[in-house]
Amino acid sequence: MAELREGALINDRFEVAEHLATGGFASVWKGHDRQLARKVAIKRLLSQSFIDPKLREEAIDEARKIASVSHSNIVSVFDVINYEDEILIVMEYLEGGTLHDLLRKRCMDGGWLCPVESFSLVHGILSGLKAAHDAKNGPIIHRDLKPLNILFDSRRVPKIADFGLASIGTVT
């Protein structure tokens with residue numbers, strides 16, 4: 001089992017920088033792509049969630065399908081790696097925080113999103129969902145859309161993240 005830590009080098013390319021978060025199915029690390037000189041997020045799927053080899057292959061296949069969707073409102077997936085019997089998904093690193101963080105801060109400051117900002121936000125999220133639903137390999141249904149899974153880039157563009165519970169190819 002691979003244990004990610006600061007300074008670890010994956011496939012002589014991705015350097016692990018710092019731990020960002022851990023959820024129910026994965027932990028996420030900030031990293032650096034040495035080959036393309038850019039920041040990345042490295043998502044390590046927790047092995048206890050994928051003991052069955054069939055489930056592991058399904059998780060890898062789903063990551064590949066999500067990677068095939070290129071849209072400005074969906075987090076880009078750069079690579080899926082089987083590293084020391086662990087599944088790592090290397091994706092776009094977004095430094096703008098989450099929608100959850102934004103809404104919490106605004107609420108604590110006694111404010112809300114203005115109508116123009118709200119419309120722009122909803123439009124971006126719906127555009128990303130439409131792209132996922134219209135994917136060439138069949139619809140990708142997120143099934144866990146929430147403020148924690150909407151991330152922002154440095155220009156405040158919303159991007160849908162964490163398709164871990166997605167249903168691929170079927171609408172249910």
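Start by selecting Asp12 in this predicted model: at 69% relative accessibility, Asp12 is exposed, because the cut-off for that class is over 50%. Asp12 sits in the loop between S1 and S2.

Now step back to Asn11, in the loop between strand S1 (9-10) and strand S2 (14-22). Asn11 is another residue other than glycine with a positive phi, near 55°. At 49% relative accessibility, Asn11 counts as partly exposed.

Next, go inside. The largest nonpolar core has 32 residues, and those touching the most other members are Ile87, Ile89, Leu99, Ile125, Ile140 and Phe163. Colour the elements that give two or more residues to this core: strands S4 (38-45), S5 (77-83), S6 (86-92) and S8 (150-152), together with helices H1 (53-67), H2 (99-108) and H3. H3 supplies the largest share, 5 residues.

Which residues does Ile125 touch, leaving aside those up to four places away in sequence? Show side chains for Leu99, Leu145, Ile150, Pro158 and Ile160 and you have them. Apart from this core lies another one, of 12 residues, including Ile10, Ile42, Leu88 and Val90.

For the last stop, pick Ser120 in helix H3 (residues 115-133). Is Ser120 buried or partly exposed? Its relative accessible area is 45%, so Ser120 is partly exposed. Finish by drawing a distance from the C-alpha atom of Ser120 to that of Pro158: the two are separated by 9.0 Å, though they are 38 residues apart along the chain.

Definitions and conventions
Residues are numbered from 1 along each chain as its sequence is written. This is a predicted model: local features need pLDDT of at least 70, side-chain atom pairs count only at pLDDT 80 or more; totals for chains, interfaces and linings use all residues. Side-chain values use heavy atoms; hydrogens and water are left out. Helices (H or I, at least four residues) and strands (E, at least two) are DSSP runs, numbered from the N terminus. Buried means under 20% relative accessible area, exposed over 50%, partly exposed in between (1.4 Å probe, protein chains only). A nonpolar core is a set of buried Ala, Val, Leu, Ile, Met, Phe, Trp, Tyr and Cys residues joined through side-chain atoms within 4.5 Å. Contact means heavy atoms within 4.5 Å.
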